[in-house]
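Let me put the structure up, and then I'll talk through the charged side chains and after that the overall fold.

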Amino acid sequence: MALEMRDTCERCTTAALPPDAAALICSYECTFCVPCGEAMRGVCPNCGGELVARPRRPVEA
């Protein structure tokens, strides 16, 4: 099962999050930009879980 790589922040909805960008994610794949994740003190507002660094995928040429 592959990780769903969402392309926008779920909080501000304006931050673009391509697969190679820094982002934060919870175990349910809720995805946030780093500034929003820091503002939420590393806690997912949807499930209360910990937000951790999302793995990055290389950009295809």
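So, E4 makes a salt bridge with R6, and their closest N and O atoms sit 3.2 Å apart. By salt bridge I mean a side-chain nitrogen of Lys or Arg within 4 Å of a carboxyl oxygen of Asp or Glu. This is a predicted model, so to speak of local features we ask for pLDDT of at least 70, and side-chain atom pairs count only at pLDDT 80 or more, while totals for chains, interfaces and linings use all residues. Residues are numbered from 1 along each chain as its sequence is written, and side-chain values use heavy atoms, with hydrogens and water left out.

Back to R6. Its side chain also meets that of E10 in a salt bridge, at 2.7 Å from N to O. That gives you a network of salt bridges linking E4, R6 and E10, and the count for the protein comes to two.

Are these residues buried or exposed? Well, E4 is partly exposed, at 42% relative accessible area. R6 is partly exposed too, at 24%, and E10 comes in at 32%, again partly exposed. The cut-offs there: buried is under 20% relative accessible area, exposed is over 50%, and partly exposed is in between, with a 1.4 Å probe and protein chains only. Across the 61 residues of the protein, 34% count as buried.

Now the fold. What pattern does the protein follow along the sequence? It's β-β-α-β, so one helix and three strands, taken as DSSP runs numbered from the N terminus: H or I over at least four residues for helices, E over at least two for strands. The radius of gyration is 11 Å, close to the 10 Å from the globule rule for 61 residues, so the protein is as compact as a globular protein of that length. That radius is over C-alpha atoms, and the rule is 2.2 Å times the number of residues to the power 0.38.
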